[in-house]
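Please examine the structure shown below alongside the briefing that follows. The notes are grouped by topic.

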Amino acid sequence: MTHDSPVHRLGAGWKIAICTLLSALAIGVRTPLELLALVAVTLLYYFSARLTPFDLWRDTRFFVFQAVIIIGLYCLKIGQSKGLWPGIRTSVQVILFYIPGAVLLRTTKTGDMMRGLRRVVPYRISFLVFVSIRFMPFFFRELDEIMTAQRLRGARLLPRQLLDPRNWGDLFHCLLLPLMVRALKTAEDVSLSAEAREFGTREQRTYFDAALHTEPLSPESGKQCSITPSLLQPCGDMNRINIRD
Amino acid sequence: MNDMNDMNERKFLWRRFTLREGIFLGFCATFIILARAGLRLHLHLPGHVMFFTMFFFLLARGCVPKIGSATLVGLIVSLASFLLGMGTKGPVVFVKFLLPALLVDVAGYFFPNFVNSMVACVLVGAVSAAVRALSDTWIEWLSGMEGEIILQKTIITASLFAFYAGLSALAVPSIVRRLRRNGLIDQGADDTR
């Protein structure tokens, strides 16, 4: 997958608008000609993002199971000859509804989405979302370590062993239980660390502005620079800087 | 969490959750995402994602027995999946996670101690997971699919979701009990509604 294309360069707002329009059209089409035209437009949009047919398969394979059920049910209800077209039409409509969303997710940088989300999501929830993402590698390593230790103790946690439901007890009690204990302890440590920095004491978000550190002072003034109170300032007051003689 | 409900602890979110509880619920969301990413690589069975999703929703409710805990996990999972590009269904991912999470909280509102009972856990898990199957129904209805077909398809999907969710819900009460016995979470349900 290439990370540069006309679609990648479009703003997130434009992509959301295109996504909404194409998804709405997918719901509205009824005739074979309209459906064919929409398939062509949607695929053009998809491939203009330099995504490959393999990417398309990965994005739509989850709907294959649904399509099989829908077509099967139509054929059972109104016969194979009459039920095939409505079954295919509806399945394709459902797939077309979701493809623009997949393009949006695949071509929009996380940073752009974060900026967009910041306008609607309160900072406290954003913090929890980013803590959740930040700790993924940590818990992945923890999971691996716990699994190795428990396997050495005889727990049946190999993928092929877990296919047998009789071994699921080991999965819950030897792997997930220690993981929850670790999560509880880590939550305590992280919250203590954040609270020690007075995180969450203000209604508005506060942040440390590194630019204040690098602000040059005139050499002849002989003044010292301290920025201690600014850590607790709301976003609007971050330009405050204390100069001591 | 031992003193999570200590009145001296500052409320961080929605005047309900402390920072510690919020972070722990965030970790539950992390586990759901890790499980989804892991299962995506190995299994291709329809509905199996509900196995770990419902397990962690119920466990979140068991460890932080406050109204809104499962919903907060659902919200964090939706936002994180959206940011990580994991939701193949685009913005519908919010409905997909928030709907079952809301139902867990609704059950918690009426039956605060339901996580202690295996039967109640299985029921809540299965029903919440089955309701998630409705998230696609409105699109099919708007696409002009026949009502009877929508109903039959929803029943098939909902049964699969409910089956996997019910299986994982079986383990929740024993894990919550063991965490309580070791003093890692508080005893019993909180009536903070």
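**Overview of the predicted model**

The model is predicted, and the predictor assigns the complex an ipTM of 0.85 and a pTM of 0.73.

**Burial and contacts in chain B**

- Chain B has 193 residues, of which 54% are buried.
- Of the contacts in chain B that link residues at least 6 apart in sequence, 73% are between residues at least 24 apart.

**Confidence in chain B**

- The average pLDDT of chain B is 83, and 83% of its residues score at least 70.
- Confidence in chain B is highest in helix α5 of chain B, residues 118-132, with a mean of 92.
- Strand β1 of chain B, residues 11-13, has the lowest confidence there, with a mean of 76.

**One residue of chain A: Val41(A)**

- Val41(A) belongs to helix α3 of chain A, which covers residues 32-48.
- Is Val41(A) buried, exposed or partly exposed? Val41(A) is partly exposed because 14 other C-beta atoms lie within 10 Å, whereas a buried residue has 20 or more and an exposed residue has 12 or fewer.
- Val41(A) and Met136(A) are 95 residues apart along the chain, and 37 Å separates their C-alpha atoms.

Notes
Residues numbered from 1 in each chain as written. Chains lettered and ligands numbered in written order. Predicted model: local features only at pLDDT ≥ 70, side-chain atom pairs only at ≥ 80, totals over all residues. Contact = placed C-beta atoms within 7 Å. pLDDT = per-residue confidence, 0-100. Helix = DSSP H or I, 4+ residues; strand = E, 2+ residues; numbered from the N terminus.
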